[in-house]
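Here's a quick briefing for anyone opening this structure for the first time. Have the sequence and the 3D view side by side, and we'll go through it topic by topic.

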Amino acid sequence: MHNTVSIGNDLFYVGGNDRRISLFESAYPVPRGVSYNSYLLLDEKTVLFDTVDLAVSELFLENLAHLLQDRPLDYVIIQHMEPDHSDSFLRIAEKYPEVKVIANQKTAQMLFNFYGFDSARVLQMKDGDTFSAGKHNLRFLFAPMVHWPEVMFTYDETARVLFSADAFGTFGALGGSIFADEVHFERDWLDDARRYYLNIVGKYGVQVQSVLKKASALKIETVCPLHGPIWRKGFDFLLNKYLLWSGYAPEEKGVVVFYASIYGHTQNAAEILARELVKDGVTEVKTYDVAVTHASELLAEAFRYSHSVFAAPTYNGEVFPAMRNLIGELKSHGFRSRKYALIENGSWAAQAGGQMQAELASMKDVTQIGEKVSVLSAVKEPQRAALEALAAEIAKDYLS
């Protein structure tokens with residue numbers, strides 16, 4: 001049965017939720033599921049903004065049929081070709097064979113690559129081009145690498161609605177409320193929004209800054225992303241977060257302690273340091289076992305806070321795999337402008353600290369605090385004293 005929501009007088013939500021999915025893009029845990037958003041404009045011409053993942057395609061097609069009634073579907077605008085937004089395209093083309101496709105050149109090529117769709121049937125738009133659906137005048141704004149090269153936004157100049165593709169999206173299925181002002185976004189959605197941005201889009205901060213500058217010239221009253229809540233009030237809150245995240249500035253002052261531990265001794269060192277940090281006046285300290293917490297959450301926390309501590313044992317002459325993976329993820333996502341400290345452990349040949357240091361030193365504006373603390377198998381009094389001294393140095397920098 002159809003389940004649509006009115007956004008404006010002639011704009012409707014026609015997407016759906018997948019709460020059975022466990023890994024988004026086969027990579028990111030989504031314990032709260034995910035929404036696949038699509039929008040239908042009923043003007044003199046009917047215009048669909050993107051399709052949805054096959055997981056919710058039946059509801060999606062029912063929603064369209066309910067709203068269109070006996071009207072044809074005139075146009076489908078494809079802003080992003082990733083299959084979670086385009087996989088229902090062929091079903092649309094089959095059900096509405098006269099539908100015209102509006103996209104850009106890169107999208108037209110991807111339509112052929114994915115689905116064998118003839119690019120000659122695509123009305124190809126350039127950056128800044130406009131299209132009239134009747135009362136509504138639509139302008140297309142290219143947003144390459146946010147986060148695929150073909151991405152474009154659509155701005156409804158009449159209703160002041162920005163259809164923002166994957167930008168401003170978040171993990172999490174929608175409930176009875178699809179609007180950000182009807183939920184407690186900061187409490188219930190911000191962590192998922194941060195994790196979504198930093199893992200999926202975060203590598204492309206320069207490109208995000210560019211498109212934010214382009215969007216700043218627009219008068220925006222509503223933002224319709226392809227995942228998560230729709231913004232019709234208070235959008236500055238999320239916009240300011242994007243400005244921080246895309247500029248790689250720490251969102252909060254705090255110290256996050258990441259550790260890997262085989263038999264508990266490196267964990268002991270990490271937790272001694274965390275306790276000393278609190279004693280020295282650091283008011284925000286978080287501690288994670290990197291072998292237990294998913295890397296996508298760890299990455300989001302590393303970008304969130306101003307200071308990080310990496311504590312790992314040597315394993316087969318290298319950094320323990322889970323820690324090596326985390327540092328690699330940070331590097332590939334452009335980790336920068338942060339302070340860090342190191343703890344290593346090794347029973348006969350401690351090498352983890354030097355290898356972590358080499359990787360972190362290769363990142364932009366990443367600065368080490370203090371000397372690395374070396375633990376030989378288990379923490380003894382000399383190592384405890386070194387951990388206390390390192391905590392004092394971190395706290396001094398944190399409080400400055």
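This is a predicted model: local features need pLDDT of at least 70, side-chain atom pairs count only at pLDDT 80 or more; totals for chains, interfaces and linings use all residues.

**Helix α9 and its surroundings**

- Helix α9 covers residues 265-279, so to speak a run of 15 residues.
- From its first C-alpha to its last, α9 reaches 21 Å, which is close to the 21 Å expected at 1.5 Å a residue.
- Which residues of α9 are buried? They are Thr 266, Ala 269, Ala 270, Ile 272, Leu 273, Ala 274, Glu 276 and Leu 277.
- An α-helix has 3.6 residues a turn, so residues three or four places apart point the same way.
- The cover over the buried residues of α9 includes strands β17 (252-259), β18 (285-289), β19 (305-315), β21 (338-345) and β23 (373-375), along with helix α13 (381-399).

**The largest pocket**

- The largest pocket holds about 340 Å³ of space.
- It is lined by 18 residues, and the closest to its centre are Ile 262, Pro 313, Thr 314, Gly 346 and Ser 347.
- Helix α9 turns up again here: α9 and β19 each supply at least two residues of the lining.
- Which element gives the most to that lining? That's β19, with three residues.
- Sorted by class, the lining has six nonpolar residues, twelve polar ones and no charged ones.

**A seven-stranded sheet**

- Seven strands make an open sheet with mixed pairing, in the order β1-β2-β7-β8-β9-β10-β11.
- At the edges sit β1 (5-6) and β11 (122-124), each pairing on one side only.
- Inside that order, β8 (residues 46-49) and β9 (residues 75-77) run parallel and are joined by three bridges.
- Look for Phe 49, which stands opposite Ile 77 in β9.

- Strands β12 (residues 130-132) and β13 (residues 137-142) run antiparallel, with three bridges joining them.
- Phe 131 has Leu 138 in β13 as its bridge partner.
- The hairpin of β12 and β13 has four residues between the strands, and Gly 134 in this hairpin takes a positive phi near 130°.
- On to the next pairing: β13 and β14 (residues 152-156) are antiparallel too, over five bridges.
- For Phe 142, the bridge partner is Met 152 in β14.

- Gln 109 is found in helix α4 (residues 105-115).
- Gln 109 and Glu 150 are 41 residues apart along the chain, with 9.6 Å separating their C-alpha atoms.
- Thr 293 lies in the loop between β18 and α10 (295-304).
- Why does Thr 293 count as buried? Its relative accessibility is 18%, and buried means under 20%.
- Leaving aside neighbours within four places in sequence, Thr 293 is in contact with Tyr 288 and Leu 298.

Technical notes
Residues are numbered from 1 along each chain as its sequence is written. Side-chain values use heavy atoms; hydrogens and water are left out. The expected span of a helix is 1.5 Å times one less than its number of residues. Buried means under 20% relative accessible area, exposed over 50%, partly exposed in between (1.4 Å probe, protein chains only). Contact means heavy atoms within 4.5 Å. On a 1 Å grid over the protein atoms alone, a cavity is a set of points where a 1.4 Å probe fits but cannot get out, and a pocket is an open set with protein on both sides within 12 Å along at least five of seven lines; lining residues have an atom within 4 Å of a point. Grid points are joined across faces, edges and corners, and a volume is the space filled by probe spheres set on the points. Ala, Val, Leu, Ile, Met, Phe, Trp, Tyr, Cys and Pro count as nonpolar, Asp, Glu, Lys and Arg as charged, and the others, Gly among them, as polar. Two strands pair if DSSP finds at least two bridges between them.
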